[in-house]
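Dear colleague,

I am passing on the structure below, followed by notes on what was found in it. Please read the notes beside the coordinates.

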Amino acid sequence: MALIVQKYGGTSVGSPERIKNVVRRVAKYNALGHQIIVVVSAMSGETNRLIGLAKEMQAQPDPRELDMVVSTGEQVTVGLVSMGLMQEGLKAKSYTGAQVKIITDSAFTKARILSIDEQNIRADLANGYVVVVAGFQGIDKEGNITTLGRGGSDTTGVAIAAALHADECQIYTDVDGVYTTDPRVVPEARRLKTITFEEMLEMASLGSKVLQIRAVEFAGKYKVKLRVLSSFEEEGDGTLITFEEDEKMEQAIISGIAFNRDEAKITVRGVPDKPGIAYQILGPISEANVDVDMIIQNVGVDGSTDFSFTVHRNEFDKAMDILKNQVQNHIGARNVVGDNKTAKVSVVGVGMRSHVGIASKMFRTLAEEGINIQMISTSEIKISVVIDEKYLELAVRVLHKAFDLDLDQEPA
């Protein structure tokens, strides 16, 4: 008998019929003798509807009151799921985040979990209940309702699994696992049977939308076994996210190709080549809450250099405005140029640690297609390049093929 946390996203509980599908799946696991905790999101579209209502009352909704409003979405779902389980003859009990006592900090709309009081849940499980918990929400030390920000239900599921030392945390979504790349771009993309936490963290941070990065970080920190499964398919093992690098990692040097269309590149030209200049450029950008991704500073020539970095495309105009109006004259730069039609492509794999030649193979493959590399950044298990957006899908396809990701490398 195992203790399993199952998290279902908004599309999985988007209608009474879909909730009944969730109930049937939970009942099947329960019949096998497992103890089940179900964590659910609001029904798909509901959180956006509630935010819309809040904005009709207040153009910039007060964060505390906004959390009060949007947290009701999950409260509806937990009640409906519990009713469905009772209808199937199971004992079930629903909890809001506050009732569990998921204690968070007081950063409304993007709170972080500090602790979980699991006593009530343990008592209910011991008494044969299926426990249904509202994802995405908690309570601060003053008793205010808080929400955890985007993907918060994933984080709730992982946090509860960590607190109760669950055997597995299953994340049910509208895809049946983690793929070598986006199947909509590369139809030959394969579902991975396993992937390491390090690789999944890189994939999530690089734009793979399967799992929220905070949830992956949490799971890695507390050694929670994660499995991604489809809520629309009855069978299938999904993808297990694991700590162990097993033998097959020796063959599969690269696990996946991640990409992000939302990159914009900015270059500050003719910057004085002296200590502290990077801070003078990026300090004002950071103060404006603009996240910087890749950074390159060229070797100085004749006392000046060029300084390039990338930001999210949505923040391109804000960053350009800051640089032109606050930074350029202040530091004596020649000019500021930008390109908001760039994209980032990355190859990810723990096998890189023990294999040479990955970078050269990647660069050669792109060169053969006439794709110019504008920026390069590397870590121990990934290589990222910035390229012109129009070449993005071609780059992903040729790299996927070059690293044999279309071939089944895993033991059956």
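**Helix packing**

Helices α8 and α9 are roughly antiparallel to each other, a term used for angles over 145 degrees, whereas those under 35 degrees count as roughly parallel, 65 to 115 as roughly perpendicular and the rest as oblique. This is a predicted model, in which local features need pLDDT of at least 70 and side-chain atom pairs count only at pLDDT 80 or more, while totals for chains, interfaces and linings use all residues. Residues are numbered from 1 along each chain as its sequence is written, and side-chain values use heavy atoms, with hydrogens and water left out.

Two packed helices are described by the angle between their axes and the distance between the axes. The axes here are lines fitted to C-alpha atoms, for helices over the stretch in contact, and the angles run from 0 to 180 degrees between N-to-C directions.

For α8 (residues 197–205) and α9 (residues 213–222), the axes come within 9 Å and cross at roughly 165°. The crossing in which α8 passes α9 is left-handed; a crossing is left-handed if the near helix is turned anticlockwise from the far one by less than a right angle, and right-handed if clockwise.

Helix α2 (residues 46–57) packs against helix α3 (residues 63–70) at an angle of about 140°, with the axes 9 Å apart. That makes α2 oblique to α3, and α2 passes α3 in a right-handed crossing. Between α12 (residues 358–368) and α13 (residues 392–402), the axes come within 10 Å and cross at roughly 130°. That makes α12 oblique to α13, and here too the crossing, of α12 past α13, is right-handed.

**Salt bridges**

Side chains of opposite charge can pair when their charged atoms come close. The structure holds 18 salt bridges, each being a side-chain nitrogen of Lys or Arg within 4 Å of a carboxyl oxygen of Asp or Glu.

In one of the salt bridges, the side chains of lysine 93 and aspartate 124 meet at 3.3 Å, N to O. Lysine 93 lies in strand β3 (residues 92–95) and aspartate 124 in helix α6 (residues 119–126), so this pair ties together parts that are 31 residues apart in sequence. Lysine 93 counts as partly exposed at 32% relative accessibility, whereas aspartate 124, at 6%, counts as buried; buried means under 20% relative accessible area, exposed over 50%, and partly exposed in between, with a 1.4 Å probe and protein chains only.

Glutamate 389 and arginine 313 also meet through their side chains in a salt bridge (3.3 Å, N to O). This pair links distant parts of the chain, 76 residues apart, with glutamate 389 in the loop between β18 (382–388) and α13, and arginine 313 in the loop between β15 (304–312) and α11 (316–331). Glutamate 389 is partly exposed, with a relative accessible area of 23%, and arginine 313 is partly exposed at 22%.

Within helix α13, glutamate 393 and arginine 397 are four residues apart and therefore separated by about one helical turn. The closest N and O atoms of their salt bridge are 4.0 Å apart. A network of salt bridges links Glu198, Arg353 and Glu380.

**Backbone and surface**

Most residues other than glycine have a negative phi. Which phi does phenylalanine 136 have? Its phi is positive, about 75°, although phenylalanine 136 is not a glycine. This residue is found in the loop between β6 (130–134) and β7 (137–139), and is buried, with a relative accessible area of 13%. Histidine 165 has a positive phi near 50° and lies in the loop between α7 (152–163) and β9, but histidine 165 counts as exposed at 64% relative accessibility.

Alanine 189, in the loop between β9 (168–173) and β10 (194–196), is buried, with a relative accessible area of 10%.

Kind regards

Technical notes:
Helix = DSSP H or I, 4+ residues; strand = E, 2+ residues; numbered from the N terminus.
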